[in-house]
Amino acid sequence: MTEWVPTTCMRCAVGCGHKHLGVDEGYGVDVVRGDGQHPVNRGLACQRGIEESADPDGEWLSKPLVRKGGELVETSWPDALDRVAQRFDAALSRDRDAVAVLGSGQQTNEAAYALGKLARGGFGTRYYDANTTLCMASAVTAYYEAFGSDAPPTTYDDIPEAETHVVWGANPAIAHPVMFRWIRESASAADSRMLVVDPVETDTATTADDHVQLDPGADLALARAVLAEIVDRGAVDREFVDEATDGFEDLVADLPDPAAAADEAGVDLAAVEDLAAAFEDPTLIYWGMGINQSVRGTDAARALIDLCLATGNLRPGSGPFSLTGQANSMGTRVVSSKGSWPGQRPFDDPIHRAEIADEWGVPVGRLPDDTGPGPVGTIDTVDDGPVEAVYAVATNPVAGMPDANAVAEKLEDAFLVVQDSFRTETTELADVVLPAATWGESEGTVMNMERRVSRVRAASETPPTVQQDIDIIAAVANEIVPGLLPEPPVDPAAVFDEFTELTAGTKADCSGIAYERLDHELAVRWPAPEPDTEGGYRYHAAEGEGERWQFATPDGTANFSTPPEPDPLPEPTEEAYPLTLTTAREVDGYNTGVRSRPVDDPGPVTARVNPETVAAYLDGDAVDDVESDDEHEIRLETRRGAITARLDPDPAVPAGLVWLPIHHPATNELTVPATDPRSDEPNLKQCAVALAAPAAEPASGEATVDPDPVEASD
């Protein structure tokens, strides 16, 4: 009989402690339950986290594969690694930017650190990013601009202390069930309430006290309307604003009339007034992909932070709380050298670059001096830039990136190496597939969305042909840049210590955390500069009977946003494409669904459409069919392609909107690759779409893909 192994759930970023029981014979996890001793969840666990840990439905990768004669065939590890080394060496000899690397919020901190060290210090490529940019980059950019550091000020301890919970562009009832239980319990108190801002009546909205149903893409306009109303009613915390912030007067001078901005957002003034009143009490505002995944994502996230700054909601029990999706998005940001050097060291600072180069033992000139163009821009360079080889680790860009057909075509033109635990749409295009250990088989650490570091432990061994992520990365490194990383098998504790030493004295100081401490305390929140300290609420401290704020900006104050000049939304509706497409999570879809569906038969994608929209855009016979057939199909077309979807007539979706699940592989065949100019995050939440019966002609004529999409205009 095996023993229970304490670990951390890797499904989402709540960071619940789990206990895993390995199978008695063979490989795999037999039973999963919540860990009652873990300080994050105290035994709570969601069903999806349990099921996807113990019994994922994806197709496991069990042996290295290489492409021969157009087919993927099994091979040995030495052969697979030799092929990778030869092609990467040849590409790097021509241009250090010729190899692009794509990481993931599914990696442990140790694997993410090793991958960043290889990409930046070994290859020297600027074309390195992670799928965390697809979901969190706008929030990250907003935090840096407002506070000087990428970290939510808040913690889970603030949830029961808040009187108002504003959930904006997020659906934690589906995406973060354990955390949502805490929110709902707090909001149910006599003096508390929950407000939801979302175009769709989500599961979260159905439990809220009020639901503000704004137009898709109108978040920035609504947030500015709320701030204008706060100013008009005299609800600004002037003492806090004057003492702890900068830029308020310039922002206020540019604010719109609340009624006009409410009209622009598609809501009535009463909704704006209600939201403004909410911030007069201690308020937590949570946001997610509905804010971030937009060309206006950074501006919108900044606008939500502005609401907290203007009302003094930067104290315990209040504040701006971005909801992270993947289990280790936070860790990837802090450790991986993606957007900053480890510990949030500024990427373009020559002193920090020199220190990193010295610690890694590489020439400082090898380190790139900018972070690169993000995942969308990186894939674009396969066409017209230096990239000729791509190394993708624990990510599925063929399903997860916008304009997915174009992404697939570009990756087919590259030498593609994919390292993953499960078969994906991306492994199907690979030239080399490297099978990696997954949840329940891996050793390391992760960071949750409230900055807590906790252990990930293996309850099961792997087949001899499957290796740990960090060991595969080290093996690739030793083939190409010997000595940069230890020879496998790598001790993850030693890699963790190397990372934490680099963070000493930084904004994300983890130098007081070690495996031994985590074994005892289970989870520790950074900054933790000493073995007996850990971070709490950021930026605020009680001082006698008073308060003190210290932000990570050069002058120690928080910054209001500058008056925005937002890019136009990339695809307004028009006659040929009269509806708006949006995307969101569904309960069993996470990380492109590779743990919950087969690649060959993912099932039909379901489009939720208001019955009024169905009646308006399908002819009479088709409407009759919908009413009599639960499996009715429709055709959806954008400028990039067309798909067939199962229709779900749903009044929870407003008229004129088409809702698709973001993690189904068909969805991103339609989405637009426009990105936020500051964060590089894609605009996955809004584009123009046409709806018709399956046999209908394409809206754009004979072609289903427009090679030259129309540029957006004001």
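Predicted model: local features only at pLDDT ≥ 70, side-chain atom pairs only at ≥ 80, totals over all residues.

Me: What do the side chains of Asp650 and Arg608 form?

Reply: They meet in a salt bridge, with 2.8 Å from N to O. Asp650 sits in the loop between strand E26 (641–649) and strand E27 (657–661), while Arg608 belongs to strand E24 (residues 606–609), so the pair links distant parts of the chain, 42 residues apart.

Me: How many salt bridges does the structure hold?

Reply: There are 41. One of them pairs Arg126 with Asp370, where the closest N and O atoms are 2.8 Å apart. Those two are 244 residues apart: Arg126 is in the loop between helix H3 (109–123) and strand E7 (128–130), and Asp370 is in the loop between H16 and helix H17 (374–384).

Me: Is Arg126 buried, exposed or partly exposed?

Reply: Partly exposed, because its relative accessibility is 23%, and buried would need under 20%. Asp370 is partly exposed too, at 27%.

Me: Ok, and which residue does Arg333 form a salt bridge with?

Reply: Asp150, with the closest N and O atoms 2.6 Å apart. Arg333 is in helix H15 and Asp150 is in the loop between helix H4 (137–147) and E8, 183 residues apart. Arg333 is buried at 7% relative accessible area, and Asp150 is buried at 2%.

Me: What else is Gln344 in contact with, leaving aside its neighbours within four places in sequence?

Reply: Besides Asp150, the contacts are Tyr144, Ser149, Val334, Lys507, Ala508 and Trp526.

Me: New topic. Which residues gather in the patch of negative charge on the surface?

Reply: Asp358, Glu359, Asp491, Asp497, Glu501 and Glu516. Helix H16 (350–360) and helix H21 (492–502) each supply at least two of the patch residues. Asp358 is in helix H16 and is exposed, with a relative accessible area of 61%.

Me: Last one: which residues of helix H6 are buried?

Reply: In helix H6 (residues 177–187), they are Val178, Met179, Phe180, Trp182, Ile183, Ser186 and Ala187. Their cover includes strand E8 (164–168), helix H5 (172–175) and strand E9 (193–197), among others.

How values were computed. Residues numbered from 1 in each chain as written. Heavy atoms only, no water. Patch = residues over 30% accessible without salt bridge, like charges linked within 9 Å, V, L, I, M, F, W, Y side chains within 5 Å. Areas by Shrake-Rupley, 256 points an atom, 1.4 Å probe, with all protein chains shown as cover. Salt bridge = Lys/Arg side-chain N within 4 Å of Asp/Glu carboxyl O. Lys, Arg positive; Asp, Glu negative; His and termini not counted. Charge placed at Lys NZ, Arg CZ, Asp CG, Glu CD. Helix = DSSP H or I, 4+ residues; strand = E, 2+ residues; numbered from the N terminus. Buried < 20%, exposed > 50% of the residue type's maximum accessible area, 1.4 Å probe, protein only. Contact = heavy atoms within 4.5 Å.
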